[in-house]
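Hi everyone, thanks for coming. Please have a look at the structure on the screen, and I'll walk you through a few places in it.

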Amino acid sequence: MGGTKTNEFQVVLTADFFRADGSPRYRDLGLSLFDETPEITCRPLAEHRAELGADQLCGANGVIVLTPRVTAASVGHADDLLAIGRFGVGYDSVDVASCTAADVLVFISAGAVDRSVAEATVGWMLALTHHVRVKDRLVRTGQWDERSSYMGCELRDRTLGVVGLGGIGRALVRLLSGFGMKPPIAFDPFVEPAAATACGVKLVSLDELMASADFVSIHCPLNDRTRNLIRAPQIAQMKPGAYLLNTARGGIVDEDALYAALAERRIAGAALDCFAEEPVVKPHRFGELDNVLLAPHSIAWTDELFRDIGRTTCQGMIALARGQRPRGVVNPDVFDRPTFQAKWARLRCAD
């Protein structure tokens, strides 16, 4: 391509956004933004793979990724690939260091998921405390007279403990502000106390949070610092009437320790949207327990969520094509690499 700028920025989407017949799986991915941007062309990949193949990226300047892993091999020949746009906010499936070494920027859909995940979490809190799953079964199985055995509790006067006070955690705090709960607490070593106070949240240690919270809600990323962050000693600190909710990543919680605590009724219950091994393609052991709610890593999936994530990701690609920095960059140090800057200058659209 020499040293000249291109007039077109090519974006590909991983094939799992579409059915086998090519029709979209989801109602709105926000792709209309590309329709309004003539310098962007967009196409789906022809084949779904668990790991993105280098051969699939030929001619692509940006790729929007739903579920495939992005490895060193994926970006090993990424001469024309400028960016990976992760559809969502988790990026543990992306080898960020290898992307940086290959002069590939990685960005996430920062802010786009906050409302939906927070709303789903509130729904789960209410479903757990009101025994929705069990009471539904009582009617379906004609056990009406058993209802007195399942007295619930309100959110009023209970304490929310947030592990990870990012955008989702803060949105959750805002949504719960009208339920009459006690002041929320949070564990997040990367948030300044003043910033937490401005949100009406008190920062505490993880041990204090586990011991004090009636709801432990996990909203942190999975990385080397948070893998198995909540193990048997932390779960043992929880109140007998407390609930654990995980809408983040399965590897943050020790599943053996959590299963034992739930089976032995040492805590009141849990709601799990994610698991150490995904996908779950056979009955999971947590399904044996009536004090657990489960979802296939999609409890927050809504039409609005996918639209907003898609728009945010598309906006990121448009910004790059026009020589601007997108929001939600995971590896900002890539901007300091002269080789990345040279690639960006070559690939962005002509002024």
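**A short tour**

Let's begin with Asp-103, which is buried, with a relative accessible area of 10%; buried means under 20% relative accessible area, exposed means over 50%, and partly exposed is in between, using a 1.4 Å probe and protein chains only. Before going on, please note that this is a predicted model, where local features need pLDDT of at least 70 and side-chain atom pairs count only at pLDDT 80 or more, while totals for chains, interfaces and linings use all residues. Residues are numbered from 1 along each chain as its sequence is written, and side-chain values use heavy atoms, with hydrogens and water left out.

Back to Asp-103: you'll find it in the loop between α2 (96-101) and β5 (105-107). Helices (H or I, at least four residues) and strands (E, at least two) are DSSP runs, numbered from the N terminus. Most residues other than glycine have a negative phi, and most peptide bonds are trans. Asp-103 is not a glycine, yet its phi is positive, about 60°. Arg-265 also has a positive phi, near 60°, and is a residue other than glycine. And where is the cis peptide bond? A cis peptide bond joins Glu-278 and Pro-279, with omega at about 0°; Pro-279 sits in the loop between β11 and β12.

Now to the charged pairs. How many salt bridges does the structure hold? There are 16, where a salt bridge is a side-chain nitrogen of Lys or Arg within 4 Å of a carboxyl oxygen of Asp or Glu.

Asp-290 is partly exposed, at 24% relative accessible area.

Another pair is Arg-27 with Asp-303, with 3.3 Å between the closest N and O atoms. This one links distant parts of the chain, 276 residues apart: Arg-27 is in the loop between β1 (9-13) and α1 (32-35), and Asp-303 is in helix α10 (residues 303-321). Arg-27 is exposed at 73% relative accessibility, whereas Asp-303 is partly exposed at 39%. There is also a network of salt bridges linking Glu-47, Arg-49 and Asp-55.

Glu-119 and Arg-115 pair up too, at 3.0 Å from N to O. Both lie in helix α3, four residues apart, about one turn of the helix.

That brings us to helix packing. The axes of α3 (residues 114-129) and α5 (residues 167-175) come within 8 Å and cross at roughly 55°. That makes α3 oblique to α5: angles under 35 degrees count as roughly parallel, over 145 as roughly antiparallel, 65 to 115 as roughly perpendicular and the rest as oblique. These axes are lines fitted to C-alpha atoms, for helices over the stretch in contact, and angles run from 0 to 180 degrees between N-to-C directions. The contact, meaning heavy atoms within 4.5 Å, includes Arg-115 and Glu-119 of α3 and Ile-168 and Leu-172 of α5.

Last stop: is Thr-159 buried or exposed? Thr-159 is buried, at 10% relative accessible area, in the loop between α4 (132-140) and β6 (160-163). Not counting residues up to four places away in sequence, Thr-159 touches several residues, among them Met-181, Pro-183 and Phe-215.
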